[in-house]
Amino acid sequence: MNLKTKNPALYYLQRAAFYLLVLVIAFYLLAPFFWAVLTSLRSPGDLFLQPAQFIAAETTFQNYTQVFANPNFQRGLLYSLIVAVGSVLISLLIGSFAAYALGRFRFKGKQIIMYVILAVSVFPQIAVLSGLYTLISALGLYNNPVGLILTYLIFTIPFTVWVLTSFVRDIPGELEEAALVDGASPLQTLFLVLFPVMMPALVTTGLLAFINAWNEYLFALTFTSTNRTVPVVIANYSGATQFDQPWGQIMAASIVVTIPLIILVLVFQRNIVSGLTAGAVKG
Amino acid sequence: MTVNTPPARPTKTRGIEAARAQQAIWLLLPTLIAIALVAGYPLYRTIYFSLFEANLTTPDQRTFIGMGNFWFTTEDGVALGFLQDPKWWGAVKNTLLFTVVSVTLETIFGMIIALVVNSTFKGRGILRTAMLVPWAIPTVVSAQMWSYLYNDTFGLIGRGLLGGQALLANTDSAIWALIAVDVWKTTSFMALLILAGLQSLPSDMYEAADMDGASKWTQFWRLTLPLLRPALLVALVFRSLDALRVFDIMSVMLGNVNAAATSMTGYARQALIDNSLLGYGSAVSVAIFVIIMVIVVIYVTAFRVKFD
């Protein structure tokens, strides 16, 4: 503070340097995405232009119309939605049972169960790939979204249980005691008393699990052949001919799957930070 | 603990406790079954298959070969175990390089961004929001975005900065290009976690430090960093484990063949799925599992990370 009066030159130099740093950070974080958006709005012929001309070139939505007309992409969006929503709903339902038990009940072996759940969340997906592949083929679920819903539980369940448990612990006990005194069963207590209180936590956890499921690539690539989810479709996007990469369309498809996530993330900003820290920092 | 002897003072709370314990088991059952089905059983099967020679399409026709997938030399001196394959060791080396460099850079950049966002200035809200953008972008999308930037005929970096050099064409230069992508994508996540840690630090300690005339620099090293240690360590553990099992960006940016030379997971998946070697691929997966578990144990014991 007193630097401003003591040595104004140094003070303003420091401020300038600080704002320069802010600009550099903002540029670093946003420039690649900005360039992708720009590319999605340019016609294929303009991709050859020099950057300045490229920025000034005419805006067109043709990439977007082509992407939405692509049957693989349409199907990808549908399957991604089914798989992500399905695995999130299952995880939230059974995960909240587990979180209620772990956050509110005292019993032997609780510590061990917590550690097992944590271990599953750090364990490499590749370690179960061959086991899951044979299981999925044996169940006849290869190339079936149900197979993906099932396999995604491996990362959505530990995550939801872990985060919800830390939320459940923070709910004041009086609420539940009142319900117990009135003779409510644990499930009644959970659904009628705790769920309404947990709503923000459920939304946050559900959203984070949804993002993870929406982004998953290894299982989706391995356990499906034609019923691809959107990340796999984007990774293997090819145009009318096999010889050139239709970058404009790839960027358009990328923007289409990213925009909903960015909107969700911006709307739920505060919840997301608390959800991430409950899951990671508090542990 | 014995059931036969009647309790001297049958308290009501004990009955409630026992009933609650019983209920807890029922509440946990669906989760435990799901975990056993999608994690426990497949992991057991992977370990089991690692001891056999088998094809992915016909898992029932298998021959027990013990540790042969790991280490086996035929009479003619042909090395068949994956531990004898230089490509595997190349993948290990690249994955470790990728992990160490990208996690280090992410921690440093994440710290800088978090410190900037934590101070008061005009436009702070905007920067905080901008921080979330790379994190919200799906990994496959960011991989494609950067492939385009690196492209030697169209890309801003590949053509503009490097004058038409194909950065992704060979593994040695590609690994650095991939590190740049991972750093861009996940620095935000680090910054978010560090920022959350920074905001929980007590401000009166800084006021006291100011009174004592400690410089900002001293305050950072003597106060911020030690207080931030627990949050920083947990973030480090999670990021390192993520980096060690990386697959997406290699697969998308290099294709599955080169991904096998660049990441351990890519190597395992190529053996398992593309080459249909169920036993061999499982053996590699077991090795990755062991490597990651050893690193978890080292982290947890060396840094005394606490999870509850």
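User: Which residues lie nearest the centre of the second largest pocket, and how many residues line that pocket?

Analyst: In this predicted model, 14 residues line the second largest pocket, and A:Glu176, A:Glu177, A:Leu180, B:Ile16 and B:Arg20 are those nearest its centre. Two or more lining residues come from each of helix H9 (174–181) of chain A and helix H1 (12–49) of chain B, and the space in the pocket is about 390 Å³.

User: Which residues are closest to the centre of the largest pocket?

Analyst: The closest are A:Phe18, B:Leu115, B:Ser119, B:Lys216 and B:Gln219, out of 31 lining residues, which divide into 17 nonpolar, eight polar and six charged. The space in this largest pocket is about 1,700 Å³, and at least two lining residues are supplied by each of helices H1 (3–6) and H2 (8–40) of chain A and H2, H7 (203–211) and H8 (216–244) of chain B.

User: Why are helix H2 (residues 86–118) and helix H10 (residues 264–274) of chain B said to pack, and at what angle?

Analyst: Their axes lie 8 Å apart at an angle of about 145 degrees. Contact means heavy atoms within 4.5 Å, and the contact is made by residues including B:Trp88 and B:Val92 of H2(B) with B:Met264, B:Tyr267 and B:Gln270 of H10(B). The contact residues divide into five nonpolar, two polar and one charged.

Methods
Residues are numbered from 1 along each chain as its sequence is written. Chains are lettered from A and ligands numbered from 1 in the order in which they are written. This is a predicted model: local features need pLDDT of at least 70, side-chain atom pairs count only at pLDDT 80 or more; totals for chains, interfaces and linings use all residues. Side-chain values use heavy atoms; hydrogens and water are left out. Axes are lines fitted to C-alpha atoms, for helices over the stretch in contact, and angles run from 0 to 180 degrees between N-to-C directions. Helices (H or I, at least four residues) and strands (E, at least two) are DSSP runs, numbered from the N terminus. Ala, Val, Leu, Ile, Met, Phe, Trp, Tyr, Cys and Pro count as nonpolar, Asp, Glu, Lys and Arg as charged, and the others, Gly among them, as polar. On a 1 Å grid over the protein atoms alone, a cavity is a set of points where a 1.4 Å probe fits but cannot get out, and a pocket is an open set with protein on both sides within 12 Å along at least five of seven lines; lining residues have an atom within 4 Å of a point. Grid points are joined across faces, edges and corners, and a volume is the space filled by probe spheres set on the points.
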